[in-house]
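Hello,

Here is the structure I promised to pass on. Please look it over, then read my notes below.

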Amino acid sequence: MRANVGDRLLVHSRIVGQHDRSAEIVEVLGENGSPPYRVRFEDGHETVMSPGPDTVVRNFPAEDE
């Protein structure tokens, strides 16, 4: 998994009835875009996480694209 600051992580729920969660990557702590990442969820909560197989990266294109 590789990501950049500004990309979003989509964490799929593993429990029936719970919604997926989305978080913005605010800092990449690994080398070359690798985890762990400091992320901010929609409610403002920040944490450091190493995403698992239930998480996908939504890359945002650079501004010049």
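First, a term: two strands pair if DSSP finds at least two bridges between them. Strands themselves are DSSP runs (E, at least two residues), numbered from the N terminus. This is a predicted model, so local features need pLDDT of at least 70, side-chain atom pairs count only at pLDDT 80 or more, and totals for chains, interfaces and linings use all residues. Residues are numbered from 1 along each chain as its sequence is written, and side-chain values use heavy atoms, with hydrogens and water left out.

**The sheet**

Start with the overall layout. Five strands make an open sheet, in the order E4-E3-E2-E1-E5, with antiparallel pairing. Strand E4 (46-49) and strand E5 (55-58) are at the edges; each has a single partner strand, so one side of each has no neighbour in the sheet. From one strand to the next, the twist averages 35 degrees. That angle is taken between N-to-C directions, from 0 to 180 degrees, with axes as lines fitted to C-alpha atoms. As background, strands of a sheet pair through backbone hydrogen bonds, either parallel or antiparallel.

**Strand by strand**

Now walk across the sheet. E1 and E5 are antiparallel and share four bridges. Here Val11 is opposite Thr55 in E5.

On to the next pair. Strand E1 (residues 8-11) is joined to E2 by four bridges, and the two run antiparallel. Leu10 has Ser22 in E2 as its bridge partner. Ser22 belongs to strand E2 (residues 21-28). Is Ser22 buried or exposed? Ser22 counts as buried, at 16% relative accessibility. The cut-offs are under 20% relative accessible area for buried and over 50% for exposed, with partly exposed in between (1.4 Å probe, protein chains only). The side chain of Ser22 also makes a polar contact with the side chain of Arg8, at 3.0 Å. A polar contact is a pair of N or O atoms within 3.5 Å; within protein, one must be able to donate a hydrogen and the other to accept it, and residues adjacent in sequence count only if both atoms are side-chain atoms.

E2 and E3 pair antiparallel over five bridges. Glu24 is opposite Arg40 in E3. Their C-alpha atoms are separated by 5.3 Å, though Arg40 and Glu24 are 16 residues apart along the chain. Arg40 counts as partly exposed, at 33% relative accessibility.

Strand E3 (residues 37-41) pairs with E4 in the antiparallel sense, over four bridges. Arg40 has Glu46 in E4 as its bridge partner, and Tyr37 is opposite Met49 in E4. Four residues lie between the strands in this E3 and E4 hairpin, where Gly44 has a positive phi near 95 degrees.

**The loop between E2 and E3**

Two things to check here. Asn32 lies in this loop. Asn32 is not a glycine, yet its phi is positive, about 55 degrees. Asn32 counts as exposed, at 65% relative accessibility. Pro36 is in the loop too. A cis peptide bond joins Pro35 and Pro36, with omega about 10 degrees.

Open the model and find each of these spots.

Best wishes
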